[in-house]
Amino acid sequence: ALISTTPMLEKARADKHGIVAFNVHSFDSIFWVLEAASDLKSPVILQTTVGTVKSLGAKNIAEVAKTASDHYGIPTGLHLDHCTDFEVIKEAIRAGYTSVMIDASMHPFEENVSRTNEVIKLAKSLGVNVEAELGKVGGVEDDIVVSEEDAEKAIPLECKQFVEVTGVSTLAPAIGTAHGIYKGKPNIDFERISEIANLVNVPLVLHGGSAVPDEDVRRCVSLGMAKVNVSTELKNAYSIAIREHFEKNPESLDPRAYLQKAKDAAIEMAKSKIRMVGSENKV
Ligand code: 13P
Ligand code: ZN
Ligand code: NA
């Protein structure tokens, strides 16, 4: 069964390990991520952006995720990533998602609060986890594009106030990472993470997990960032494996051949990220 991500993440924060939330973009990749998690006996979160919901369907995604989680028997959450649209949030919850992100980070504080409250009103009684973002995470994630100049770090006192007035169950404060692969090394504000973690008890979420050095992610996790989002590195790993397959074997059109290579690459990447956050043997 799919479970709420709230207890999973609260336990992780208390225990100072992380849980990876992998963005999945296809039905196959749901099974690949769960096979990796199952091999390492690790709880895991599957997440999809709104673009993936539009492409695959919320109901289909939830049914496949549930089937796969039952098959592998590991604690699995299903999360809607970076959603700005209340209607899509309702659709996801109705379909069986156990966690949703209301991304109102592009709005002023008060409006972020009121949009988050609207989602909490719907989600809390159903046991669905709610994630909100403060500050602005840079980079590109689906239709949400934030340039380097517009990226903005979260203000610690606002984080405290936000959690107090909304009662949100998980908070994603922007702290210097960006979506996608960086040009250089990310400039993570560890001091700010500590300040926020001292003021806020709920599990914190690290966005833009791809291309952050492992030791930096571990430091974020040790400071209270319990959910670590990884999208780009996973999809790139298996897409490149497929590209290499066709470069080497342009005549081979057997889907099982190229999907096997994609699967191997995806599982290897997923395992390395699970090991990075220390969630092996935590089921
Ligand atoms: P990356 O693409 O950098 O891994 O970011 C993932 C993310 O934050 C999804 O919300
Ligand atoms: Zn993100
Ligand atoms: Na990134």
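This is a predicted model: local features need pLDDT of at least 70, side-chain atom pairs count only at pLDDT 80 or more; totals for chains, interfaces and linings use all residues.
Trainee: How many helices and strands does the protein have?

Mentor: We take DSSP runs numbered from the N terminus, with helices being H or I of at least four residues and strands being E of at least two. On that basis the protein comes to 11 helices and 11 strands.

Trainee: What is the radius of gyration of the protein?

Mentor: Start from the globule rule, 2.2 Å times the number of residues to the power 0.38, with the radius itself taken over C-alpha atoms. For 283 residues the rule gives 19 Å, and the protein comes close to that, so it is as compact as a globular protein of that length, at 18 Å.

Trainee: Which residues does UniProt list for "binding site"?

Mentor: The entry is unreviewed, and such annotations may be inferred rather than shown by experiment; feature names are shortened and positions follow the numbering used here. The listed residues spread over 31 residues of sequence, yet they cluster in space, with a largest C-alpha distance of 5.9 Å.

Trainee: Is Asp103 buried or exposed?

Mentor: Asp103 sits in the loop between strand S4 (99–102) and helix H6 (109–123). With C-beta atoms placed from the backbone, 20 or more others within 10 Å make a residue buried, 12 or fewer exposed, and anything in between partly exposed. Asp103 has 26 other C-beta atoms within 10 Å, so Asp103 is buried.

Trainee: And what does Glu133 touch, not counting residues up to four places away in sequence?

Mentor: Glu133 is in strand S5 (residues 129–134), and with 24 C-beta neighbours inside 10 Å it counts as buried. A contact here means C-beta atoms, placed from the backbone, within 7 Å. By that test Glu133 touches Asp103, Ser105 and Ala172.

Trainee: Which residues come nearest to ligand 1?

Mentor: A residue is near a molecule if its C-beta atom, placed from the backbone, lies within 6 Å of it. There are 15 residues around ligand 1, and those that come nearest are His207, Ser210, Asn229, Ser231 and Thr232.

Technical notes. Residues are numbered from 1 along each chain as its sequence is written. Chains are lettered from A and ligands numbered from 1 in the order in which they are written. Two residues are in contact if their C-beta atoms, placed from the backbone, lie within 7 Å.
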